[in-house]
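Hi everyone, thanks for coming. Today I'd like to walk you through one structure, a few residues at a time.

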Amino acid sequence: MTHAMQKGSNIPVTTVAVRAVLRWTGGPDVPDVDASALLVGPDGRVRSDEDFVFYNQPRHPSGSVWRLGKKQVGDSVTDAVQADLRTVPPVVDRILVVASAEDVPFERVHDLRILLYDATATGGAEPLAYFDVRPETGAETALICGELYRRGDAWKFRALGEGYSDGLVGLATDHGISVDENAAEGAEGASAGAGAAGPTSEQTAAMQPPTPPGHQPTPQTQAPPAAQPAYGYPQPVSPAPVPAPGGDPSFRLPVQGPQFVRR
């Protein structure tokens with residue numbers, strides 16, 4: 001049975017893995033919405049910047065939480081994050097599921113809804129729950145749509161809808177993320193100046209982390225294709241192994257705090 005949730009309500013989560021899908025109605029004047037997740041401790045703060053899963057850091061080092069990317073479903077657009085609750089580090093008390101719109105107010109985002117699915121189910125499984133996220137003022141540019149949280153040895157999901165008018169930067173800073181705003185502004189300017197021609201080879205090289213002395217990069221491996229459940233998100237539940245630091249040059253952790261600029 002699918003639970004229609006109200007703000008502040010919660011439900012038990014009995015499955016070992018879940019997929020949180022953000023869905024909204026697209027259109028020419030609708031901003032691009034991104035899903036992200038913060039893994040926080042009992043104090044509501046992250047241990048380090050690695051506990052922030054977003055478009056420039058799409059997988060947590062533990063492999064327990066990762067982004068799935070956007071899908072077009074009819075007139076709607078979805079973005080999603082998935083969590084294997086069995087492998088979430090014990091020090092993590094909550095996983096916040098966040099929607100952000102890159103400095104565009106959420107009053108321009110229509111029919112925003114978060115749906116929670118059993119990630120172990122296949123085919124057209126019904127959601128476990130859904131919550132229609134309605135901004136309180138409409139000026140919010142980032143929203144905590146819901147949270148997965150521990151209760152003893154079990155997990156629950158709570159509908160939230162808490163907004164931030166200072167966007168993903170303000171939300172991240174409030175939860176202990178170290179943000180280098182000057183670097184982010186500089187990257188935005190460089191991106192705008194590049195225009196349709198795209199980044200130069202020098203800019204592309206600058207975005208890559210330095211290679212440690214004596215290190216030989218290893219080829220990136222990809223998980224084999226699998227069945228496509230609801231909304232086309234891939235199975236199985238378990239993600240591909242996360243490479244050790246320095247192992248995969250395509251996996252970039254933030255330097256001097258997360259950079260909220262698309263790469």
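**A short walk through the model**

Let's begin with Ser 76, which has its place in strand β8, the stretch covering residues 76-84. Before going on, please keep in mind that this is a predicted model.

Is Ser 76 buried or exposed? Its relative accessible area is 17%, and because buried means under 20%, Ser 76 counts as buried. Who are its contacts? Leaving aside neighbours within four places in sequence, Ser 76 touches Arg 23, Trp 24, Thr 25, Gly 26 and Lys 71.

Now to the nonpolar cores. How many residues does the largest nonpolar core have? It has 39, and the ones with the most contacts inside it are Ile 95 and Ile 114. The strand that gives the most to this core is β3, residues 17-25, with 4 residues. Apart from that core lies another, of 17 residues, including Phe 52, Val 98, Ala 142 and Tyr 164.

Next, the aromatic rings. Searching the whole structure turns up 2 aromatic pairs. One of the pairs joins Phe 52 and Phe 54, and the two rings are stacked, with 4.6 Å from centre to centre and 5° between the planes. Both partners are buried: Phe 52 has a relative accessibility of 0%, and Phe 54 has 2%. Which residues do ring pairs link into a cluster? They are Phe 52, Phe 54 and Tyr 55.

Our last stop is Lys 156, found in strand β13, residues 154-164. With a relative accessible area of 29%, Lys 156 is partly exposed. How far apart in space are Lys 156 and Arg 94? Their C-alpha atoms are 9.5 Å apart, although 62 residues separate the two in sequence.

Beyond its neighbours within four places in sequence, Lys 156 is in contact with Asn 10, Ile 11, Pro 12 and Val 13, and also with Glu 147, Leu 148, Tyr 149 and Arg 151.

Methods
Residues are numbered from 1 along each chain as its sequence is written. This is a predicted model: local features need pLDDT of at least 70, side-chain atom pairs count only at pLDDT 80 or more; totals for chains, interfaces and linings use all residues. Side-chain values use heavy atoms; hydrogens and water are left out. A nonpolar core is a set of buried Ala, Val, Leu, Ile, Met, Phe, Trp, Tyr and Cys residues joined through side-chain atoms within 4.5 Å. Buried means under 20% relative accessible area, exposed over 50%, partly exposed in between (1.4 Å probe, protein chains only). Helices (H or I, at least four residues) and strands (E, at least two) are DSSP runs, numbered from the N terminus. Contact means heavy atoms within 4.5 Å. Rings of Phe, Tyr and Trp (its six-membered ring) pair if their centres lie within 6.5 Å; planes under 30 degrees apart count as stacked, over 60 as edge-to-face and the rest as tilted.
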